[in-house]
Amino acid sequence: MKKFKRFCYRILPVALCAAMLGGCGASAASSSAAESTVSTDSAPLKVMTSFYPMYDFAQKIGGDKVTVTNMVPAGTEPHDWEPSTTDITNLEDADVFIYSGAGMEHWVDSVLGSLTNQDLDVVQASDGITLREGYEDEDGDVGADPHVWLAPANAKIEMKNITDVLCSADPANAEYYRQNYEQWALECDRLDTEFTEALSALPNKNIVVSHEAFGYLCDAYGLNQVGIEGIEADSEPDPARMAEIEDFVKANNVKVIFSEELVSPKVAQTIADATGAQMQELNPLEGLTDDQIADGQDYFTVMRQNLEELKNALQ
């Protein structure tokens, strides 16, 4: 059915031209059929996204030409999330699947390998982004830091990759997707400028965070990230690491310990209490809550909230 729909998108302009060439000699039935074809809009693309930033970017680029279903529920930390049977069923019926990649979605290869949907257009949105080293596993292998979207320049690249896959899946609306991309690419540029101007003149450059999600942001704006926990949000620091963080906070006059909404603040609060620092939230945008979504928050509003938190902490 999906192949037939895309075939119809390609032959529609030819059919319309043929109807026009028929002129006044065309039968009433033929004219009626042509008018019906012209007035019927194509069905929106069915788009599945892996977690919140991909969902938000797909909505922004796809607009009213797509219906987007996000796989990770609102308010859920995505690092260890696993797709359900319903998610697999939805992927079997989807036109497009968008995921960030760089190791964020550990389940992607096995899930895609199990699908029978041969028409599914798939894009790894992080393609083309220079990845930073993130962690070393038990075998000594070094993995990438997957949190690419937290640098606005990288978010712009991810949006471009999403635009390309939507144009490929739905060429009849390609110009619409490209126009949306241009609008949001400019917004990424504005956000990048705001971060650069606000953070470049601040005297302090060290941030202590719950888990090491902000490496790309810190690299982009000259900050130094110290993570209480590693790349994975649910890792647990041992007593030696806790002592090391506390010593760093005291030696560098760090005023704020950053926790995050989807991860328990217990460890961050312990360090704040031990060092006299305050505790605030910095959002890695791995997922928004239902309340945040209902309030109309999105990638750009949350990133600007993050910027305010950073400015207050580093003054």
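Helices (H or I, at least four residues) and strands (E, at least two) are DSSP runs, numbered from the N terminus. Just after helix α3, G63 takes a positive phi of about 55°. The model is predicted: local features need pLDDT of at least 70, side-chain atom pairs count only at pLDDT 80 or more, and totals for chains, interfaces and linings use all residues. Residues are numbered from 1 along each chain as its sequence is written, and side-chain values use heavy atoms, with hydrogens and water left out.

**Helix α3**
- Nine of the 11 residues of α3 (residues 52-62) are buried, where buried means under 20% relative accessible area with a 1.4 Å probe, protein chains only.
- Among these buried residues are Y52, F57, K60 and G62.
- The buried residues of α3 pack against strands β1 (45-49), β2 (66-70) and β3 (96-99), and against helices α6 (152-169), α7 (174-199) and α12 (299-314).

**Aromatic pairs**
- The structure holds 10 aromatic pairs, counted for rings of Phe, Tyr and Trp (its six-membered ring) with centres within 6.5 Å; planes over 60 degrees apart count as edge-to-face, under 30 as stacked and the rest as tilted.
- W81 and W107 pair edge-to-face, at 5.5 Å centre to centre and 70° between the planes.
- W81 lies in the loop between β2 and α4 (85-92) and W107 in the loop between β3 and α5 (108-114), so their pair ties together parts 26 residues apart in sequence.
- Both W81 and W107 are buried.
- Y299 and F300, both buried, also form an edge-to-face pair, at 5.2 Å and 90°.
- Ring pairs join F57, W184, Y299 and F300 in a cluster.

**Charges over rings**
- K60 lies over the face of W184, 4.8 Å from the ring centre; the criterion is NZ of Lys or CZ of Arg within 6 Å of the ring centre and within 35 degrees of the ring normal.
- The charged end of R132 sits over the ring of Y216, at 5.9 Å from its centre.

Note on methods
Buried means under 20% relative accessible area, exposed over 50%, partly exposed in between (1.4 Å probe, protein chains only). Contact means heavy atoms within 4.5 Å.
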